[in-house]
Amino acid sequence: MTGRKIVVALGGNAILAKDASAAAQQQALKETAQSLVKFIQAGDELIISHGNGPQVGNLLLQQAVGSTPENPAMPLDTAVAMTQGSIGYWLQNAMAAELSHLGIEVDVATVVTQVVVAQDDPAFEHPTKPIGPFYTCEEATELQVETPTFQFVEDAGRGFRRVVPSPRPIDVVEAGAVNQLVKNGVVPIAVGGGGVPVIRRGHELVGCEAVIDKDFASEKLAELVGADLLIILTAVDHVYVNFNQATQKRLETVSVAELQHHIAMGQFAAGSMLPKVEAAIDFVVHRPAGQAVITSLSNLDEFIAHGTGTIIANSAATESV
């Protein structure tokens, strides 16, 4: 099936692994672009979103170290906008280069995207969103002393990370602009890092100290632009139940009801797979004819060619894409 409107949500950790240099992240995105352009070759309309957890965390640490009264660190919402710009710049250049190499004349444009959240969202009282690199317990303790306003928690057995508020998105301000770009044959890069978190106050949009989960923001955008397919890229090819246990089982084509049962049984880690599964469910509930896919960046070619990955639909009997 071609001619679909597809939102692909690219994880921030797929852009930045251990090497935080600009050159390393640009190289990672060049490799990503080689897979993403295959959707365009198939005749699909593509919208790209991306995470920024490692990047915004690193930027905030850099700013904290260099902050002075004359040159203070920027607030978190501005840091999100800054990483939207930098990652979008790298990604649109990587996409443009690959499209040019293939002789495809399609423009790619980054949209600095604002995502509306509720001022009374309880997430502001309970920071849970991990950002930045992983630390040992000792490193996190030292950073806590150096930056007492930061909060650190253990993240899914992989180390300690800083956590910030992560309110749920309720609207994407530039969704209409993104749709207009798609209609005019442009590939938009939008809701980068979950979007710049803003609160509506009268006629104004006011930034707030938070990072919105990029999977929920991508779902909201996909819902608002009427996407046919939401693809959430993560570190594994499939969603698993009993993950990393002798009885682990990968999920292939699953229904919303089945995933909701697995959530109730505590199958998915809150800091990693759970928000991806919840975002996929939200999309399918709001777009009954649509489907969501959770798979890895390394498996993207296999998904494009053979439909390999965890496919979420309203019914498990629904034919997979």
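This is a predicted model: local features need pLDDT of at least 70, side-chain atom pairs count only at pLDDT 80 or more; totals for chains, interfaces and linings use all residues.

Student: In what order do the strands of the open sheet run?
Tutor: The order is S5-S7-S6, with antiparallel pairing. Strands (E, at least two residues) and helices (H or I, at least four) are DSSP runs numbered from the N terminus, and two strands pair if DSSP finds at least two bridges between them.

Student: Which are the edge strands?
Tutor: S5 and S6 (151–154), each pairing on one side only. S5 and S7 (residues 160–164) are joined by 4 bridges, and Tyr135 has Phe160 in S7 as its bridge partner.

Student: Which strands does helix H5 touch?
Tutor: H5 (residues 137–146) packs on the sheet and touches S5, S6 and S7. Its direction makes about 115 degrees with that of S5; contact means heavy atoms within 4.5 Å, and angles run from 0 to 180 degrees between N-to-C directions, with axes fitted to C-alpha atoms, for helices over the stretch in contact.

Student: Changing topic, at what angle do H6 and H7 pack?
Tutor: About 60 degrees, with their axes 10 Å apart. Ala175, Val178 and Asn179 of H6 meet Leu221, Leu224 and Val225 of H7.

Student: What classes of residue make that contact of H6 with H7?
Tutor: There are 5 nonpolar, 1 polar and no charged residues. Here Ala, Val, Leu, Ile, Met, Phe, Trp, Tyr, Cys and Pro count as nonpolar, Asp, Glu, Lys and Arg as charged, and the others, Gly among them, as polar.

Student: How much space lies in the largest cavity?
Tutor: About 50 Å³. On a 1 Å grid over the protein atoms alone, a cavity is a set of points where a 1.4 Å probe fits but cannot get out; a pocket is an open set with protein on both sides within 12 Å along at least five of seven lines, and lining residues have an atom within 4 Å of a point. Points are joined across faces, edges and corners, and a volume is the space filled by probe spheres set on them.

Student: Which element gives the largest share of that cavity's lining?
Tutor: S5, with 4 residues. The lining includes Ile131, Tyr135 and Arg162, and its residues divide into 7 nonpolar, 2 polar and 1 charged.

Student: And how much space is in the largest pocket?
Tutor: About 1200 Å³. Of its 50 lining residues, Gly271, Ser272, Met273, Pro275 and Lys276 are the closest to its centre. H9 (273–286) is one of the elements giving two or more residues to this lining, and H9 supplies the largest share, 5 residues.

Terms used: Residues are numbered from 1 along each chain as its sequence is written. Side-chain values use heavy atoms; hydrogens and water are left out.
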